[in-house]
Amino acid sequence: MPLTREGIAYRVAHDLPDGSYVNLGVGIPSLVTRFIPPGRIILIHSENGILGAGPKAPPGEEDPDLVNANGDFVTLVPGASVFDHALSFAIIRGGHLTHAVLGALQVSSRGDLANWRVPGPRVPGVGGAMDIAVGARQVWVATTHTTDRGEPKIVEECSYPLTAPRCVRRVYTDLAVLSIRDERLVLEEVAPDVTPDDVAARTAATLTVSPQLRVMEIPAEIDGIRLLAS
Amino acid sequence: MDKVVATCDEAVADIPNGASIMIGGFGPPGIPVHLVHALRRRKLRDLVLIYCGGGTDEDGIGGLIADGAVRKLISSYPTHPGATAVRERYLAGELELEVLPQGTFVERIRAAGAGLGGFYTPTGVGTELAEGKEVRVIDGRAYLFELPLRADYAFIKAYRADRWGNLVYRRTMRNFNPIMATAADVVIAEVDEVGPVGALSPEEIETPCIFVDRVVEAPRPWVRQRPATGR
């Protein structure tokens, strides 16, 4: 059974070690904070100058001077700090973030990432994507395995404009966990009842199956949130 | 040394057509909206704006662009859903757009304010934003050369000031403001509250008065009920 979007976020959250400093992209990555296992302290960095961003503010308690990079009115956890954009991007580019979890339009089998622009007559806007992709010590992608139209997002060569070449270490999808090792795409885990052939059929790149291939350990739901699609 | 001016209109009265203007802010926090609205009332032409977003109707920057006052926007993320004026003007070929990675955007401004001739960054290597830029390999890694970015004016939003222009910020209203305050010929700060010299503790001043030319008080009503620090 494939994972839901929350299921993908749950699976990512369980791989973030205690003491991580993490930047989360929009979409599925932004759901990761909900599923951090109890007892682990993970500080969330936001490009606009927060280390230690907390959950969204309850309605009526928003602070108009406190948003995250997504534009959400958020809170600060105890021990949080706020700072300017130059320091924030020194944190990013300087290799101080232990992890970044990003969304993707496409990922290549060598770890090239495309997640900022769809070609065509549109206003281009890159934000912090390129800095984060080159700066975080580990870049993980959390995404659906294919687009809404069923097209593979994991490809031999990205056709969309690149955010950064050779930057992605792991890819978490609704079907699998993959790693990119020595520019090879390795299938590490499959979702329950999903076979390596199922994954290969939805991947437009050569896939190496790890000799230690595992089936994901993931509950069907947690706190009323479905993690596995029915 | 007293830099307080009475109104936002007075603070922007000398800005000519064709001026380049940095505007701080990210999200709503830290946008000097009263200065932007005063600028809009000037009905200028050919402005070059240096602003991270694309502007909305609420913050007035979208209005400046919709008015046709802006020739060029240097930005990082002018793509957000509220940025309708950018979208229309850009797609109609009436607005020049230079898009930069956000870290490069702020570091170019920081370099200008710090008197540097540019810097090498790994950001953008191997992408379409590297086109036309010098690539240099340092210790085996490729970097792009980026130039400093200055402006004629900077519009800054801060929380509190003294009459000399020392500035204090709260929460995420810092963003680009302390950096842009270093990189323009004339720096105009819009603040919620101006106090006497000596009222701010030296440790809390993030922008020292040496960078600031004009201070204008334009309070937001809700601010007085909230502490600068704490939760």
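Buried residues (those with 20 or more other C-beta atoms within 10 Å of their own, against 12 or fewer for exposed ones and partly exposed in between, with C-beta atoms placed from the backbone) make up 52% of the 231 residues in chain B. This is a predicted model, in which local features need pLDDT of at least 70 and side-chain atom pairs count only at pLDDT 80 or more, while totals for chains, interfaces and linings use all residues. Residues are numbered from 1 along each chain as its sequence is written, and chains are lettered from A and ligands numbered from 1 in the order in which they are written.

Chain B has six helices and twelve strands, taken as DSSP runs (H or I of at least four residues for helices, E of at least two for strands) and numbered from the N terminus. The radius of gyration of chain B is 18 Å, close to the 17 Å from the globule rule for 231 residues, so chain B is as compact as a globular protein of that length. That radius is taken over C-alpha atoms, and the rule is 2.2 Å times the number of residues to the power 0.38. Along its principal axes, the C-alpha trace of chain B spans about 50 × 45 × 35 Å. Contacts here are pairs of residues whose C-beta atoms, placed from the backbone, lie within 7 Å. Of those in chain B between residues at least 6 apart in sequence, 75% join residues at least 24 apart.

Now for the inside. Neighbours within four places in sequence aside, A154(B) is in contact with M22(B), M180(B), A181(B), A183(B), A184(B) and V187(B).

Chain B also holds an open sheet of three strands, in the order 6-8-7 with antiparallel pairing; strands pair if DSSP finds at least two bridges between them. Strand 6 (119–121) and strand 7 (135–138) of chain B are at the edges with a single partner strand each, so one side of each has no neighbour in the sheet. From one strand to the next, the twist averages 45°. Strand 7 of chain B is joined to strand 8 (residues 141–146) by four bridges, and V137(B) stands opposite A142(B) in strand 8. Helix 5 of chain B lies across strand 6 and strand 8, at about 165° to strand 6. Axes are lines fitted to C-alpha atoms, for helices over the stretch in contact, with angles from 0 to 180 degrees between N-to-C directions.

Where the chains meet, the contact takes 38 residues from chain B and 34 residues from chain A. Helix 5 of chain B gives the most to chain B's side, with five residues.

Over in chain A, helix 2 (residues 85–93) is mostly covered, with seven of its nine residues buried; among them are F89(A), I91(A) and I92(A). The cover for these buried residues includes strand 1 (21–24), strand 2 (43–46) and helix 3 (129–135) of chain A, along with helix 5, strand 6 and helix 6 of chain B. Just after helix 2 of chain A, G95(A) takes a positive phi of about 80°.

Conventions
Two residues are in contact if their C-beta atoms, placed from the backbone, lie within 7 Å.
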